[in-house]
Amino acid sequence: MSTAVRAYVAFGANLGEPLTAFAQAHAALDALPATQVAGCSSCYRTAPVGVGDDQPDYINAVIAIDTALPPQDLLAALLAIEHAGGRTRDYHRAPRTMDLDLLLYGDACIDMPGLIVPHPRMHLRAFVLHPLLELAPELTIPGIGPAHALLPAMADQAITRL
């Protein structure tokens, strides 16, 4: 894939069997046309963010892919993988069997309806930054700065590596 771009996809799930869903997401990403999984982080257990205490904990991870798919096509593929994994969108921040977010697409800054890259809240979430930094310790988030410099501000967000 000579025109491949390194992209990072966040995985999260707190319904069903999250570890099985993670394996399914990994395999589905690797099976996308012009795409290959380049690595994946460990899985992490985290409390739900911004939804109260009435949801189960999440299992989160990040998957690095090399892809020649345009960002809009990649986003459509992520939504299709979620749907195949049983994802429903009953309400904002509802519990889910699988959530896949496009965090980064190379160094691109994208702002269009339905797609903002870098992900607009990734720099505020320990459950994204810890697994992302496991894969890419020197990563710089376009328009934000070095990812590792953001972690001290998240010290109050509980996260456990599995």
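What share of the 162 residues in the protein chain is buried? In this predicted model, buried residues make up 45% of the chain.

Start with the overall dimensions. The C-alpha trace spans about 45 × 35 × 30 Å along its principal axes. A compact globule with 162 residues would have a radius of gyration near 15 Å. The protein chain has 15 Å, so it agrees with that expectation.

Next comes the secondary structure. The protein chain holds 3 helices and 10 strands. Their order along the sequence is β-α-β-β-β-α-β-β-β-α-β-β-β. Contacts can then be sorted by sequence separation.

The protein chain exposes about 8000 Å². Carbon and sulfur atoms supply 55% of that area. As for charge, the protein chain carries 9 positive and 16 negative charges.

Aspartate 99 lies in strand 5, which covers residues 99–105. Is aspartate 99 buried or exposed? Its relative accessible area is 12%. The cut-off for buried is under 20%, so aspartate 99 counts as buried. Its side chain also has a polar partner. The side chain of aspartate 99 makes a polar contact with the side chain of arginine 96, at 3.1 Å.

Key: Residues are numbered from 1 along each chain as its sequence is written. This is a predicted model: local features need pLDDT of at least 70, side-chain atom pairs count only at pLDDT 80 or more; totals for chains, interfaces and linings use all residues. Side-chain values use heavy atoms; hydrogens and water are left out. Helices (H or I, at least four residues) and strands (E, at least two) are DSSP runs, numbered from the N terminus. Buried means under 20% relative accessible area, exposed over 50%, partly exposed in between (1.4 Å probe, protein chains only). A polar contact is a pair of N or O atoms within 3.5 Å; within protein, one must be able to donate a hydrogen and the other to accept it, and residues adjacent in sequence count only if both atoms are side-chain atoms. The radius of gyration is taken over C-alpha atoms; the globule rule is 2.2 Å times the number of residues to the power 0.38. Accessible areas come from the Shrake-Rupley method with a 1.4 Å probe; for residues, only the protein chains shown count as cover. Lys and Arg count as positive and Asp and Glu as negative; His and the chain ends are not counted. The place of a charge is taken as NZ of Lys, CZ of Arg, CG of Asp or CD of Glu.
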